[in-house]
Amino acid sequence: MDEEIRLNDLAWVGIGASAGGLDALRALLSKLGSELPATFVVVQHMAPQHRSLLTELLSREAKIPVVEVRDGCAPLAGHVYVTPPNHDVIVENRRLKLLPPSDQPASPKPSVDRFFRSLGREIGEHAVGVILSGTGSDGAYGVQEIRACGGITIVQSEGSAQYSGMPSAAIDTGCVDLIFPPDKIAENFAGIISRPRNLESLIDPGINSHDDEFAGLCRLLEEHTGVDFRQYKTNTLRRRIERRIAAVGAASLEGYVDTARGSKTELDSLFSDLLISVTSFFRDQREFDTLVPYIQQLVSERGNSGIRIWVPGCATGEEAYTLAILFCEAFGGIGRMMDIPLQIFGTDVDERALAVARRGTYPPAALDDIPESYVEPYFSVSQNGNTVSKWLRDKIVFSRHNLCQNPPFRNIDLVSCRNLLIYFRPELQRQVLQRLHFGLSDGGLLFVGRSESITGAEDLFRPIGQARRIFRRASALSGRPQTLSGFQYRPTHRQIKSAIAAEKREERRRIRMLDSLVKSVAPHSLIVDESGYIRRVYGDVSPFSAMAEGDVRTTLGSLLLPEFSQQIRNLIRIALRSPGQKRAVTMQMRREEGKQVTISIFHFEDGEEGADSEKLFVVSFEIHDVEAAEDRDGNLSGEGIAALERELELTRENLQLNIEELETSNEEMQALNEELQSTNEELQATNEELETANEELQSSNEELTTVNQELHVSTQELDSVNHDLNSILSHVASPLMVVDTNLQITRMSEAAKRLFDIDIGAAQPHVSVCRLPDGYPPLTPIFSAAMSGGTLVERQITSDTLSVTLRVAPYVNRQREVKGAVAVFSDNTARLLETQRALRTSEERFDLAVKGARIGLWDLDVSSGRLFLSEVYLEVLGLLGDGFRGGLEDLLERVHPSDRARFRDALDAHFSEREPLQLEHRIRHLDGTYRWIETRGQASWDADGKPVRCVGSADDVTERKAIERRLSERTKLMLLAQEVAKVGHWHYDVAQGETVWSAQVYAIHGMTPGGLAPSPEASVRFFHPDDRAMVTAKIRRSLKQGAPGEFTARLSRADGTEALVQWRCMVERGEDGEVSALFGVLIDVTDMHQTAELRRALKDLATSNAELERFGYVCSHDLREPVRTIAGFAELILHGGNHVNPQEREDYLRRILKNSDRLMDIINALMAFSRLDATVPIEPVDLARIFDDAADALGSLVETHKAKITRETLPVLDANSTHMRQLFQNLIGNAIKYGGETSPEIRATAQDTGPAWVISIEDNGQGVPEEQRESIFSLFNRLHRKGEVEGAGMGLPICRKIVRLCGGEIWCDESALGGAAFRIRFPKEADLAAPPD
Amino acid sequence: MQPRPIKIAVIDDNEDEILISRHRFRMSGIEVPLDHHLSLAQLERSVADGRVECPDIVIVDMHLPGTRGTDVLRHLRGATSFKGVRRGICTGSNDPADRADALAAGAEFYLTKPLDRAALELLCTQLGSVALVTEGAETRLRGVPA
């Protein structure tokens, strides 16, 4: 419960500031103590894109915690909350809420207005708004809200503010309670906040006893302002007065009354405080929504005749503008604004508020409540705020008017009187409602506020709608309010009655007297007042009267004939200047021919002389016959002349009067004009000054922004440098120390702190305080030396367990003054120890290695013959337990007798000739067995060349020796097997150029081993001449490509017989990956081959037989065709007789010839095809050269067709050159023949696919349809008619056969050139010796 | 009313053969016109253009450049513009495989070159619906009413 009370009693202080606000804030916050039951929210304008340091800056000054506002936080007492940049802050449910800032250009961020408005609404009386230094007017609107909600507003005094824009704007609203310098504001907080804001506690119990004070105050106010507040609700008055008491810090009500009595300013403040009301655009928008249908109804019913609206108590005008917007919308929007017959009266008693309303300019925050769609058309947004559109403004008249005291406006269609009645006591409420009833036209509407009712005036208004906020005027009672002032002294009923009766009797008597007097003097006359109103009529004035068109009023113009009314007006003016005189004029009667009327006027005053007297005129008419103004001869009669002269004089007088009046008004206009001009000039001057000030302000603002940015950047740099330095110091491994000139340590690395067991906090200890580890020299002299010498001083600190380098360098500032020294300790102790340990490890490792490798060591002192043997050596000798004592001779004794001499010789040779000492020998084990040892050694010689010492190794190679022996046995076995199987093996060392043949290889060659120095060249010569090319190619390929190879070839043995051998070859590669050697076998397969060959021939024959049969049919068809044709023609010629004429005969003969040529072609092609066989020699063929030859051979064809033949680089292949030439000739020939109408283009390309080459011959002809690409390779297949392209249809079958002979394949597909592409695949590894079937 | 004359179209790449056949017909007094076309495409084009009337019988050579007579037969079997036209092969080949292929491709007759009176008689025998009719010195090929 306590908590609750505390929470609700917590004062919320909003502090708004802009330019120059930082200093003011510092001054203010530094004075604040934590004991205040208040929380502070700082709203300081800041550039949205900058990171703000405001919180840090303020926390240095403030004694209470300063934190940044977090969204949704509930502020605590005794804390300062700073709004972060680029956010607006508001209060919602007693929590601070961050919002994105308004996107209006003129709106400062964060918005003080916005915050203050929410603060006022949420916190009410406990809100305090403080405006500090700043330009612009942000906050001025907010203080009004706080004030209206009962809060206190404080403003920094303009003198103390660096920029007084915001303070003075706030002061100008008249809603500021206190004005102080910032520090004073803080000092007064205690008084303002902690004072119980309850008048009952300020004054003695028993409110009634203080009625006198209230009455006194009300009287004071009425004297000062003319407004009587006695009928205002007591509670409202009391609350407002309490606020002022708190604001001025008065101790009691009496004290405050005294203060007010002596201070007109305070009375002004109190007055505006009492009148302040909460107003805003579209306040309680839901209620406006319910009003809208009635507005539309009003517009549709009365829109034509014009609508009048009255907003009493309009304050700063928002409500009036809201209604104007709504009506405007109902009339059809701003576009129709100019023609809308709308008149709005906004009235208030507060002139200051009215001034704001008239200006029509509001801060951005005020527009928050306006529906978005209305802002753009009805407001113009500018730097100075948001101004109501001129058209809208023109619809409203703002004027000072006291609803309680002044007469109401009349013929009003709608009165909006919201949140005004609540301030009045019921009695006054009823009176005001009566007035409004009087002012409203019949059926007019009354719109009241949310918490208001029309109690006591239910007979005057009928509610419409559910909400009972809108009422329609009831027409029951008479319109006139019983009294126009509820405040004046009102006489009792009886008094009124008797007074009126007496007055009326007297008046009636006087009127009768006047009537009889007038009638006697001027029987037909009028009494008219100065304005031309007819007050009384005597006799008959009908000849002069007529009802004029339009509204009927009792004026001359309305009731008299125009000529008379005009004349009488002139007379009135003349008579005014000559009171007491009678003036007259005679004029013709138009209605009655021959009659004249003389109009006389007499001016008299009603009542006594003075202000109350009224000027009245008696106008009398006298009709008489026309006097003959001129006689029959046309001469004017005397009477006529006199009348005319009178008339002329009157006219003159009238003219003179007009002239004078014109002059007067002219002068007035001139004066007014001059006044306006001067005002205008003043305004212009002010404007210029303002512009200049604005520019200055802008430029200074820019400068400040720049400086701020620079500062920001350098702060960041400093920060990062500092951070770097700290992280270096904490992480650098070497101890590092910085001292100043007094040898006090300013900085130390963490390593140094550990080393010297010292911690430097805020204190800067002297160097001598360091606890030096053992072995370190005193540091002070070293530092002093470095600083006084100005040079680097380096000391080495070494001992058995210590190796430290100390470097002390003086450091200088820019002026080259020594400002201190930097010391670095490079500790090498660890490295020293490491080296020692490494040496030990290395020795141990060597021992282990020697033991592990089972290598014995020996050391011979040559001169003494003393010999040292290592453990392993002793183990070999079986002497491990006993040890070996003795010299070289003792060792030699253990060497196998047959090796002993060799051992001794090797030693001598090494000692004397320095030949390398290395030999294998047997040595005797203790158990009598011998082991094979490989002994190596190296002697050292003295200056004379005498050996001094010899050290060596002894490796037990007994097992190796055993393996070698077994290997040699196996080899022998293998050779035997080879001999039996007629398989020989050979080896060719590429690097050495050395060839080794096994005995069986010699045997296969018909030679005895050693009969020939073998070499690859010699080997080739043994092969059949036809096979040599192939053999060479195979060997070369294996050598070059490192691929295993295999072939079968005929071999001429030494005895001349021929053998068929199979050669297989493997490849050895050296460490560099190159082929280092070839090795393989040579097998005599003569016997095997003969059997296999027979079997294959049989199979071939069967296949070829079937093929031949098919071939026979095809052949017979194509061969038979020309033959048949020849026979046919020959028969016709021979037996045709008369049926064949000579021309036909010749034609037939020619055809016979052609067919026989064709037959010849076919036979030739067949021959060529059959000649293709597998036995042609294979050699490396340069395809490029062959291609060119083939193209040349087709020279004439190429020329005829204007063919263009190109080729890329073509490879060298193992093939037959004749075949290749034919292949290319056929393909090129085809390409030209089928290559299209104009200039065939032929291109040959080669592609290496890895295992094979693919040669392409492409053309740009018509190509080969896909379904025919295979059939074109069949015999006698042609795509074209015989007449078109020559050929026997054998070309492509021949090509296919040639390619297949080489183990390749040929096929046809599409070419990139657009025609056909013939592709030939030549495998690199084709087994030429055994071509595919 | 005599049955109407039969029109024959020959598709053969060898002009000489047709020349000889026509001369032979002339000598034998056979009044059977032979429309010669080098390819199926040429025949179709001519019929479509109206240069040639649609034939009653199409005789196709077996070995045509780039294609085979059997393929032509298959095409004719499916072509609506040649509906009801009798078709078969006349070739110099006596390969039994060719004969089997031709029948499989829908040949209604299989003749061996040369195309002469004997061949025409064989055609009549194989088709059955046509006959060689001798009228005075002239012999014509006419449809036989079913």
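# Briefing on the predicted model

Chain A is built from 38 helices and 46 strands, where helices (H or I, at least four residues) and strands (E, at least two) are DSSP runs numbered from the N terminus. This is a predicted model, in which local features need pLDDT of at least 70 and side-chain atom pairs count only at pLDDT 80 or more, while totals for chains, interfaces and linings use all residues. Residues are numbered from 1 along each chain as its sequence is written, and chains are lettered from A and ligands numbered from 1 in the order in which they are written. Of the 1333 residues of chain A, 31% count as buried; a residue is buried if 20 or more other C-beta atoms, placed from the backbone, lie within 10 Å of its own, exposed if 12 or fewer, and partly exposed in between. Among contacts in chain A with a separation of 6 or more, 61% link residues 24 or more positions apart, a contact being two residues whose C-beta atoms, placed from the backbone, lie within 7 Å.

**Nonpolar cores**

- The largest nonpolar core has 143 residues, and A:Ile15, A:Val128, A:Ala324, A:Phe327 and A:Leu446 touch the most other members; such a core is a set of buried Ala, Val, Leu, Ile, Met, Phe, Trp, Tyr and Cys residues joined through C-beta atoms within 7 Å.
- Helix H14 (residues 318-331) of chain A gives the most to this core, contributing nine residues.
- A:Ala324 is in contact with A:Ile344, A:Leu392, A:Lys395 and A:Ile396, when its neighbours within four places in sequence are left aside.
- Another core, of 61 residues, lies apart from the largest one and includes A:Trp997, A:Val1061, A:Ile1186 and A:Leu1301.
- In soluble globular proteins, nonpolar side chains tend to be buried together.

**A five-stranded sheet in chain A**

- Five strands of chain A form an open sheet with antiparallel pairing in the order E31-E30-E34-E33-E32, two strands being paired if DSSP finds at least two bridges between them.
- Strand E31 (866-869) and E32 of chain A each have a single partner strand and stand at the edges, so one side of each is left without a neighbour in the sheet.
- Neighbouring strands of this sheet are turned by 25° against each other on average, direction ignored, with axes taken as lines fitted to C-alpha atoms, for helices over the stretch in contact, and angles running from 0 to 180 degrees between N-to-C directions.
- H28(A) packs on the sheet by touching E32, E33 and E34 of chain A, and its direction makes about 150° with that of E32(A).
- Strands E33 (residues 930-941) and E34 (residues 947-956) of chain A run antiparallel and are joined by nine bridges, and A:Arg936 has A:Ser953 in E34(A) as its bridge partner.

**Backbone features in loops**

- Most residues other than glycine have a negative phi, and most peptide bonds are trans.
- A:Asn419 has a positive phi near 55° and lies in the loop between strand E16 (412-417) and helix H18 (426-439) of chain A; A:Asn419 counts as partly exposed because it has 19 C-beta neighbours inside 10 Å.
- A:Arg914 has a positive phi near 60° in the loop between helix H28 (897-913) and strand E32 (917-924) of chain A, and is partly exposed, with 13 other C-beta atoms within 10 Å.
- In chain B, a cis peptide bond with omega of about 0° joins B:Lys113 and B:Pro114, and B:Pro114 is found in the loop between strand E7 (110-112) and helix H5 (117-127).
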